[in-house]
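I opened this notebook to record what I looked up in a structure that is new to me. The entries follow the order in which I went through it.

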Amino acid sequence: MQTIMDYFTTHGWIVEVFLLILLTAGLRLVLKVSLDRLARQAQKSNNYWDDALVEAGRRPAGIAVWALGISLAAEVVGGDAQAEIFQYIDSLRDVAVVWLLVWFALRFIRMIEEYYIAGHSEDKSLDQTTASAVGKLLRATVAITGTLLVLQAFGVSVSGVLAFGGIGGIAIGFAARDLLANFFGALMIFLDRPFSVGDWVRSPDRDIEGTVEDIGWRLTRIRTFDKRPLYLPNSIFSSLAVENPSRMYNRRIYETIGLRYDDIGVMGAIVAAVREMIEQSDDIDQQQILMVNFVTFGPSSVDFFVYAFTKTVDWQTYHEVKQRILLHIAQIIEQHGAEIAFPTQTLHVLPEPGNDAR
């Protein structure tokens, strides 16, 4: 026992390290209990900022307590040790503080973005693409700032790094021109907003059609209608024509219907009845152009066309409206004793020369 006491008396730093680690564990436990209470209180409010603040700071704060305790214990050990590694304790602690602050800021920004989009999911005026772009820009700013602070903590001149960035930017630009083209392509998408997350887009130039799922700094992910993911570099949108059917105001019904030549006598009455039916339909936008006219003498039918716009832009609802309109047209044709024509041919057989027709 006396030998053990003498050992601890000679190596008093062991007791100090043990007490520091024990105190650190106690502080970590107190912090966890306090954050749990704060989280429960934050959930009772309708404000998502306090929820994001507590949740974002939970893990960084816990690691910060351990980082502080371990660094203090390392300083105690380093007082009796000659290893060079203990000379970097202050720098490593500064780096850890910067890293934890950056981590907290990145988590907080991401959670605010998620809460904001989730809380306004029913708000059609919310542009999720803009919210996502702002979040990504803020996170990039925090990451770059944190990197510069870490370099400064290790004694690297930040002004020298910035000067090198200005000189070396030309070389980097040539080496990574595709990456930069995609970055500026994403920037143009965020600024011009030709489409947003959730929009249905297609291109007449290429076989591209589907729903936009994500717009990143390098790639845009589109989910095609057969549920395959399609990844497109953002630079392609600077030279690609893109249609955005999600932003149309109406959907068009444009159909040509043929009657038999025997029914040309009731063509005027059928056209008038179809026009009246469409004008009285609640599914048709009466503020848009509406046309029902006899249009042409076809090879085997006399044709009239229907040109109108529905109020809905939903793809499924549009087809239901169009089906009702076409079925009503078929009923009107039947009510007038006419029939919808189908391709026919009439063959005239002439008698052979020299034979009398009998």
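**Terms and ground rules.** I count two strands as paired if DSSP finds at least two bridges between them. Helices (H or I, at least four residues) and strands (E, at least two) are DSSP runs, numbered from the N terminus. I am working with a predicted model, in which local features need pLDDT of at least 70 and side-chain atom pairs count only at pLDDT 80 or more, while totals for chains, interfaces and linings use all residues. Residues are numbered from 1 along each chain as its sequence is written, and side-chain values use heavy atoms, with hydrogens and water left out.

**Overview.** I began with the secondary structure of the chain, which comes to nine helices and seven strands. I then looked up burial, where buried means under 20% relative accessible area, exposed over 50% and partly exposed in between (1.4 Å probe, protein chains only); buried residues make up 31% of the 358 residues in the chain. For contacts, meaning heavy atoms within 4.5 Å, I noted that among those between residues at least 6 apart in sequence, 64% join residues at least 24 apart.

I found an open sheet of four strands in the order 1-2-3-4, with antiparallel pairing. Strand 1 (200–203) and strand 4 (229–233) stand at its edges with a single partner strand each, so one side of each has no neighbour in the sheet. Neighbouring strands here are turned by 45° against each other on average, direction ignored; such angles run from 0 to 180 degrees between N-to-C directions, and the axes are lines fitted to C-alpha atoms, for helices over the stretch in contact.

I then followed strand 3 (residues 219–223), which runs antiparallel to strand 4 and is joined to it by five bridges. Leu 219 has Pro 233 of strand 4 as its bridge partner, and Ile 222 stands opposite Leu 230 in strand 4. The hairpin of these two strands has five residues between them, and Lys 227 takes a positive phi near 70° there.

I next looked at the open sheet in which three strands have the order 5-7-6 with antiparallel pairing. Strand 5 and strand 6 are at the edges, and each has a single partner strand, so one side of each is left without a neighbour in the sheet. Neighbouring strands of this sheet are turned by 20° against each other on average, direction ignored. Strand 5 and strand 7 pair over nine bridges in the antiparallel sense, and I marked Arg 252, which stands opposite Phe 309 in strand 7.

**Helices 8 and 9.** Which strands does helix 8 lie across? I recorded strand 5, strand 6 and strand 7, with helix 8 running at about 10° to strand 7. Helix 9 lies across strand 5 and strand 7, at about 25° to strand 5. The axes of helix 8 and helix 9 (residues 315–335) come within 10 Å and cross at roughly 145°. On the helix 8 side the contact is made by Ile 270, Ala 273, Val 274 and Met 277, and on the helix 9 side by Ile 325, His 328, Ile 329, Ile 332 and Ile 333.

I also looked up Ser 281, placed in the loop between helix 8 (267–279) and strand 6 (291–297). Ser 281 counts as buried because its relative accessible area is 15%, and it touches Gln 286 and Ile 325, not counting residues up to four places away in sequence.

**Aromatic rings.** I searched for pairs of Phe, Tyr and Trp rings (its six-membered ring for Trp) with centres within 6.5 Å, where planes under 30 degrees apart count as stacked, over 60 as edge-to-face and the rest as tilted; the whole structure holds 11 aromatic pairs. Tyr 254 and Tyr 307 form an edge-to-face pair, 5.4 Å centre to centre with 75° between the planes. Tyr 254 lies in strand 5 (residues 251–259) and Tyr 307 in strand 7 (residues 302–310), so the pair ties together parts that are 53 residues apart in sequence. Buried or partly exposed, which is Tyr 307? I noted Tyr 307 as buried, with a relative accessible area of 18%, whereas Tyr 254 is partly exposed at 45%.
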